[in-house]
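Trainee: Could we go through the side-chain contacts here, setting each value against its definition?

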Amino acid sequence: MPIFARKRRRTGGRGLGAHHQFWAKKKRSGIDSEKTGNGGDTKSKKKRKCDKDVRTSVPKVLEVGAGCGLLGLVLSHLGAQVVLTEAAEAMQILTSNVDKKQNSMNLPPAASAQALKVDWTSEADIKSLYDTNPSLFDVIVGTDVIFNTTLVTPLLKLLHRVSHADTTVWLCMQQRCPDAHRMLIEEAPKYFELHDRSECLAAADGCSSAAELECFLFRLTCRKDVA
């Protein structure tokens, strides 16, 4: 989590204000470059359309596998409306941290942080998340959430269900389980367009250790219709 959280912390220190400012800073950092096999930088018209910024003034963000809540709380401090989710066994620490930060942080206008129990395999939990966020999420983030083959498909189905056509999903991880990692790469394109941004992460300002730590960064865009 520290690498991804540190990258997010660098996306703006003045509050988000407008969502496009948040992503504009990320683009300037180099993390959003589209690399081709021959080393050139190209984007087709279709790519530009699919990779366009979400321009809502107050982004709605979902964090899956939030752990202690560091990343989600940083994003709320930057001005986002964040729902931080975890499994039941981790909710006590997460809820405590969210409550403490809500009381101690001077959040920007309209920003918020909410802790919610979401088991990726529980239809009741997913329905609760969906029902309480009917407008769906503009951005979804997760760090080190790929570690078990039995949870890859449930996670992808959850991401698909609570996203809209312009949602961007960022997943940052180390390869905890080779089979689960391979399964993510094979299964994700059924639900989204999958972009490997690992090299861009390592090249971004402040993230040079990502390569040494063998961190992967995947960007999922262009939500697909799934029967």
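This is a predicted model: local features need pLDDT of at least 70, side-chain atom pairs count only at pLDDT 80 or more; totals for chains, interfaces and linings use all residues.

Mentor: Residues are numbered from 1 along each chain as its sequence is written, and side-chain values use heavy atoms, with hydrogens and water left out.

Trainee: Why is the pair of Phe216 and Phe218 called stacked?

Mentor: Rings of Phe, Tyr and Trp (its six-membered ring) pair if their centres lie within 6.5 Å, and planes under 30 degrees apart count as stacked, over 60 as edge-to-face and the rest as tilted. The structure holds one aromatic pair; the ring centres of Phe216 and Phe218 are 6.2 Å apart and their planes stand at 10°, so this pair is stacked.

Trainee: What makes Phe218 buried or exposed?

Mentor: Buried means under 20% relative accessible area, exposed over 50%, and partly exposed in between (1.4 Å probe, protein chains only). Phe218, at 2%, therefore counts as buried, whereas Phe216, at 23%, is partly exposed.

Trainee: What makes the contact of Arg161 and Glu123 a salt bridge?

Mentor: The term requires a side-chain nitrogen of Lys or Arg within 4 Å of a carboxyl oxygen of Asp or Glu, and the N to O distance for Arg161 and Glu123 is 2.9 Å. Arg161, at 30% relative accessibility, counts as partly exposed.

Trainee: How many disulfides are there?

Mentor: A disulfide is a pair of cysteine sulfur atoms within 2.5 Å, and by this rule the count is zero.
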